[in-house]
Amino acid sequence: VHGYEASGSRGSHAQIEPGMRILSFIILPGSRGTLVGTPQGIYHQGPGARGWVKLEGSIGRRTVYSLAADPASPVLYAGTDQGIYRAPLDTLKFRMPPGYRFSPKAWSLVAPEAQPGAVYAGTSLGLLRSEDRGTTWKVISVHGLPERVTIETLALSPDGGKQMFAGTSAGLFESSDGGFYWRRADGGRLGMSISSVAFLDA
């Protein structure tokens, strides 16, 4: 949904304005509605509602590039221009974890179902991983990815293996060891910007 232009009412400050870019999109589990990430924060549309409401707090001043839901617990993640936020599903109050040490741009997030508690983030520091639902993060990869490359999308093998793909501004990259070392996929023939990649099966 990169670049999608949303329409909405001009009458409410909380509404998505016509022409606003939608950078990320997620349908919330448990019939709780939809979230969209924009250059001006996150907007929520409740079930059956027609309008959008901007979420409050510091997340409202962030550019929100990516959104993800933890499949094993009621936690949401938001990758922004200044770090990775998280929120309980029931309150949608996005905050930085206490003691958070990194504030990178986080362009892509994935919380794999086969690895409960784990979250991966494609950021301006490389690939980051958390094993405690976004409380602490470690940089696990700068090997093989071009310096300062934008990691636009991540895909992890759904079988819980260590196969990963990263769609970047410099092409498609592949890792077979869980994201520590990377090589160009398909012999480098996919050298254009890759904004989306997914596994069809394991």
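## Strand E4 and its surroundings

E4 and strand E5 (residues 41–45) run antiparallel to each other and pair over five bridges. Pairing here takes at least two DSSP bridges between two strands, and strands themselves are DSSP runs of at least two residues, labelled E and numbered from the N terminus. This is a predicted model, so to speak of local features pLDDT must be at least 70, side-chain atom pairs count only at pLDDT 80 or more, and totals for chains, interfaces and linings use all residues. Residues are numbered from 1 along each chain as its sequence is written, and side-chain values use heavy atoms, with hydrogens and water left out.

Back to E4 and its partners. The link from E4 to E5 is a hairpin through two residues, and Leu-35 has His-44 in E5 as its bridge partner. Strand E3 (residues 24–27) also pairs with E4, antiparallel and over four bridges.

How many of the residues of strand E4 (residues 34–38) are buried? Five of the five are, so E4 is largely enclosed by the rest of the structure. Buried means under 20% relative accessible area, exposed means over 50%, and partly exposed is in between (1.4 Å probe, protein chains only). Thr-34, Val-36 and Thr-38 point one way from the strand, Leu-35 and Gly-37 the other, and all are buried.

Now to another strand. Thr-123 sits in strand E11 (residues 119–123) and is buried, at a relative accessible area of 1%.

Leaving aside residues up to four places away in sequence, Thr-123 touches Pro-104, Lys-105, Ala-106, Trp-107, Leu-128 and Ile-151, with contact meaning heavy atoms within 4.5 Å.

Finally, Val-142. This residue lies in the loop between strand E13 (138–141) and strand E14 (151–156). Is Val-142 buried or exposed? Val-142 is exposed, with a relative accessible area of 53%.
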